[in-house]
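Please walk me through this structure.

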Amino acid sequence: MKHCIDYLTWTYFFRRLTKNPVNYLKNLVEKTIYRLKQDGCVEYDADDETVRPTQYGYLGSYYYLSHKTIARLVQGLTRYIGIEGIIDLLACSEEFAGLPVRHNEEVLNEAMTHLVPL
């Protein structure tokens with residue numbers, strides 16, 4: 001952790017942050033809130049500058065889901081979605097992106113893709 005902080009103190013971002021921290025932090029927060037709002041995780045009231053989680057935001061927080069996964073679920077879950085659509089939504093979730101594949105399992109997965117119609 002200390003090495004990471006030391007490294008960041010030598011970056012241009014850190015130099016600018018120390019010169020004008022409010023501007024940089026405000027920009028970072030605004031971008032983050034905009035993205036979470038766009039993905040359906042929060043509601044933002046610009047008049048009183050309040051941020052409230054949506055039901056999807058609560059679910060994402062409770063189950064440790066990425067805001068990208070929440071956005072995909074919000075867009076993809078409809079009344080008429082079939083089992084194939086649900087499996088596709090779940091399989092394409094952000095949380096599965098970093099799952100390691102065991103040795104030689106990719107060969108088995110490749111063979112199974114030819115057997116299972118999607």
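The model is predicted. Start with the strands. E1 covers residues 42-45 and E2 covers residues 50-53. They run antiparallel, joined by 4 bridges. Within this pairing, Glu43 stands opposite Arg52 in E2. The two strands form a hairpin, with 4 residues between them. Glu49 sits in the turn and has a positive phi of about 55 degrees. In a regular strand, side chains alternate between the two faces of the sheet.

Pro53 belongs to strand E2. Is Pro53 buried, partly exposed or exposed? Its relative accessibility is 41%, so Pro53 counts as partly exposed. Buried would need under 20%, and exposed over 50%.

Which element gives the largest share of the lining? That is helix H3, residues 21-38, with 5 residues. By class, the lining has 4 nonpolar and 3 charged residues, and no polar ones. Rolling a probe the size of a water molecule over the atoms shows where empty space is left.

Stay with helix H3, which also holds Gln38. Gln38 has a relative accessible area of 48%, so it is partly exposed. The cut-off for exposed is over 50%.

Now the rings. The structure holds 1 aromatic pair. Its partners are Tyr62 and Tyr63, with ring centres 4.8 Å apart. Why is the pair edge-to-face? The planes stand at 85 degrees, and an angle over 60 counts as edge-to-face. The centres also have to lie within 6.5 Å for rings to pair. Both Tyr62 and Tyr63 are exposed.

A ring can also meet a charge. The charged end of Arg15 sits over the ring of Trp10. The distance to the ring centre is 5.8 Å. The cut-off for this contact is within 6 Å of the centre.

Two distances complete the tour. Gln38 and Lys68 are 30 residues apart along the chain, and their C-alpha atoms are separated by 10.0 Å. For Pro53 and Pro117, 64 residues apart along the chain, the C-alpha separation is 38 Å.

How values were computed:
Residues are numbered from 1 along each chain as its sequence is written. This is a predicted model: local features need pLDDT of at least 70, side-chain atom pairs count only at pLDDT 80 or more; totals for chains, interfaces and linings use all residues. Side-chain values use heavy atoms; hydrogens and water are left out. Rings of Phe, Tyr and Trp (its six-membered ring) pair if their centres lie within 6.5 Å; planes under 30 degrees apart count as stacked, over 60 as edge-to-face and the rest as tilted. Buried means under 20% relative accessible area, exposed over 50%, partly exposed in between (1.4 Å probe, protein chains only). A charge sits over a ring if NZ of Lys or CZ of Arg is within 6 Å of the ring centre and within 35 degrees of the ring normal. Two strands pair if DSSP finds at least two bridges between them. Ala, Val, Leu, Ile, Met, Phe, Trp, Tyr, Cys and Pro count as nonpolar, Asp, Glu, Lys and Arg as charged, and the others, Gly among them, as polar.
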